[in-house]
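Open the model in your viewer and switch to a cartoon view. This tour tells you what to select next and what to look for there.

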Amino acid sequence: MDSHCLPTVALITGANSGLGYAIACRLIVEFFTPRTDGYPAVASDSGTLVVCLATRSVEKAQSAIAGINTFLTSRLPEGARSRLELAHVTIDLSSPKSIIAAAAELRNKYRRIHYVFCNAAVVPFVRIDWAMAARQMATNFIEAMTVPRYKIQGVGWLTEIHSHGGHAAELPPELGAAFAANIFGHYYLLHEIMETLHAPAAAPETPSRIVWVGSIESDPLTFDIDDIQGTKSTQPYESSKTLTDILVLGSYLPEAQEYFRSYTTIPRPSESALPTDTIPPIFLIAHPGIVSTTIVAIPWWQTYAKNVGFWLCRAFGSPWHCIDPFVGANAPVWLALSPHVDLIKGKKWGSACLWGNGEMVLETQVDSDVAAHSAQLWSQMETLRKLWKTRLESQR
Ligand SMILES: NC(=O)c1ccc[n+]([C@@H]2O[C@H](COP(=O)([O-])OP(=O)(O)OC[C@H]3O[C@@H](n4cnc5c(N)ncnc54)[C@H](OP(=O)(O)O)[C@@H]3O)[C@@H](O)[C@H]2O)c1
């Protein structure tokens with residue numbers, strides 16, 4: 001099939017809830033609603049969009065698809081529904097076997113994947129430190145509702161394969177739980193489907209866009225380059241999000257090019273029908289501001305109090321309290337669909353909104369020294385990926 005006739009395919013991890021679900025809804029609405037400024041970059045009157053929801057079970061995907069169909073009832077222009085396909089793939093990003101099976105399914109289903117939203121994530125939450133919460137709220141309420149330091153997390157939590165034991169020599173190397181789900185599972189999956197992420201070099205094709213979902217909570221103080229998995233960290237979630245910043249922004253720096261090239265090389269050129277001259281994907285990063293989701297499992301009354309706090313922050317002028325996940329999906333979807341990708345790559349963007357002023361996408365400062373860490377980080381990620389691959393292949 002001519003590559004111009006191929007559908008536009010988007011893969012969204014963690015698409016059954018919160019931000020991932022909102023990204024699916026917003027992407028569909030914006031894809032089929034072209035504006036005069038060329039946004040979205042790819043929309044055409046006849047183009048088809050396939051949105052593939054990656055979830056941990058078929059039931060979760062089916063329930064999300066039913067919800068999206070209901071949401072779209074009054075939101076799509078006439079004729080658009082017949083050009084939309086909602087598909088799903090089952091994946092547990094902490095499980096090597098699950099990633100390999102999902103990658104094989106995706107390679108079989110799609111010749112080209114145009115957008116991947118690396119959205120799924122976990123917070124290894126244990127409890128709230130109420131004394132610390134009271135102190136931070138009394139000192140700076142908006143900061144306490146934006147970057148909460150009172151979220152106590154599990155230290156040294158590992159993925160299930162290692163918690164359940166097994167012969168170390170046979171298993172892929174152990175992984176920190178947050179690192180595996182938030183970063184490495186995605187990183188490994190992307191390499192396994194790399195042939196679908198390469199675009200033909202001929203115009204008007206543009207590189208596939210990998211939109212990593214970062215966080216406003218990333219903080220260089222939570223990250224140690226000698227512990228990239230964050231297994232010694234008391235803030236493994238924030239460590240994983242800081243790592244995401246460095247991984248994505250470092251992919252543009254000369255220091256990391258050797259590793260980025262090794263990573264984006266197609267693993268099985270002999271089996272692939274792709275032309276030899278292809279363009280690798282690009283990495284982009286966006287965060288949703290602060291949205292109301294269940295990523296931190298707390299009782300209903302705390303969720304209620306948290307949402308009141310979010311609204312107070314919005315009322316006091318915080319631009320980051322988007323609250324509604326659909327508003328939080330603004331920046332990730334904008335990164336995927338913007339016609340101005342050369343202007344927006346290499347920076348971190350966030351969804352924002354102000355009371356009465358509607359939605360915005362704002363560039364977000366990254367405090368990490370990306371240049372200093374990118375080569376070492378990319379080198380460690382590639383070493384770990386290759387070790388995983390060797391171990392997994394030896395198990396077949
Ligand atoms: N909420 C916020 O204010 C906020 C702020 C900044 C950044 N973010 C980022 O936004 C993204 C989405 O978070 P959210 O707030 O929407 O939370 P959420 O509603 O809990 O969504 C997380 C999703 O990730 C999936 N997931 C978790 N572990 C997985 C694994 N091992 N394999 C496959 N899927 C897995 C979950 O699936 P299950 O349903 O099966 O558990 C769920 O669908 C995350 O990257 C988060 O860091 C959120």
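A crossing of two helices is left-handed if the near helix is turned anticlockwise from the far one by less than a right angle, and right-handed if clockwise. Keep that in mind for the helix stops. Note also that this is a predicted model.

**Stop 1: a left-handed crossing**

Select helix α10, residues 257–264, together with α15. Look at the handedness: the crossing of these two, α10 and α15, is left-handed. Their axes lie 8 Å apart, and the packing angle is about 30°. Angles under 35 degrees count as roughly parallel, so α10 is roughly parallel to α15.

Now show the side chains at the contact. On the α10 side, pick Tyr-259, Phe-260, Ser-262 and Tyr-263. They meet Trp-378, Ser-379 and Glu-382 of α15. Sorted by class, this contact of α10 with α15 has four nonpolar, two polar and one charged residues.

**Stop 2: another partner of α15**

Select Leu-243, Ile-246, Leu-247, Leu-249 and Gly-250 in α9. Their partners in α15 are Val-370, His-373, Ser-374, Leu-377, Trp-378 and Met-381. The contact of α9 with α15 divides into eight nonpolar, three polar and no charged residues. Trp-378 was also on show at the previous stop, where α15 meets α10.

**Stop 3: the sheet**

Colour the strands next. Eight of them form an open sheet with mixed pairing, in the order β3-β2-β1-β4-β8-β10-β11-β12. Which strands stand at the edges? They are β3 (84–90) and β12. Each has a single partner strand, so one side of each is left without a neighbour in the sheet. Neighbouring strands of this sheet are turned by 20° against each other on average, direction ignored.

Zoom in on β1, residues 8–13, and β2, residues 49–55. These strands run parallel and are joined by six bridges. Find Thr-13: its bridge partner in β2 is Ala-54.

Then move to β11, residues 348–354, and β12, residues 358–363. Six bridges join this pair as well, but here the strands run antiparallel. Leu-354 stands opposite Gly-358 in β12. Three residues lie between the two strands of this hairpin. Click on Gly-356 there: Gly-356 takes a positive phi near 80°.

**Stop 4: a helix across the sheet**

Select helix α1, residues 18–31. Which strands does α1 lie across? They are β1, β2, β3, β4 (115–118) and β8 (209–213). Helix α1 runs at about 180° to β2. Helix α2, residues 58–72, also packs on the sheet, where α2 touches β2 and β3. The direction of α2 makes about 140° with that of β2.

Show Ile-23, Arg-26, Leu-27, Glu-30 and Phe-31 in α1. They meet Pro-332, Val-333, Ala-336 and Leu-337 in α13. The residues of this contact, α1 with α13, divide into seven nonpolar, no polar and two charged.

**Stop 5: the ligand**

Finish at the ligand. How many residues surround the ligand? There are 27, and the closest are Gly-14, Gly-18, Ala-120, Ala-121 and Ile-295. Helix α1 returns here: three residues of the shell come from α1, the largest share. By class, the shell has twelve nonpolar, twelve polar and three charged residues.

How values were computed:
Residues numbered from 1 in each chain as written. Predicted model: local features only at pLDDT ≥ 70, side-chain atom pairs only at ≥ 80, totals over all residues. Pairing = 2+ DSSP bridges. Helix = DSSP H or I, 4+ residues; strand = E, 2+ residues; numbered from the N terminus. Axes fitted to C-alpha atoms, helices over the stretch in contact; angles between N-to-C directions. Contact = placed C-beta atoms within 7 Å. Nonpolar A, V, L, I, M, F, W, Y, C, P; charged D, E, K, R; others polar. Near = placed C-beta within 6 Å. Parallel < 35°, antiparallel > 145°, perpendicular 65-115°, else oblique.
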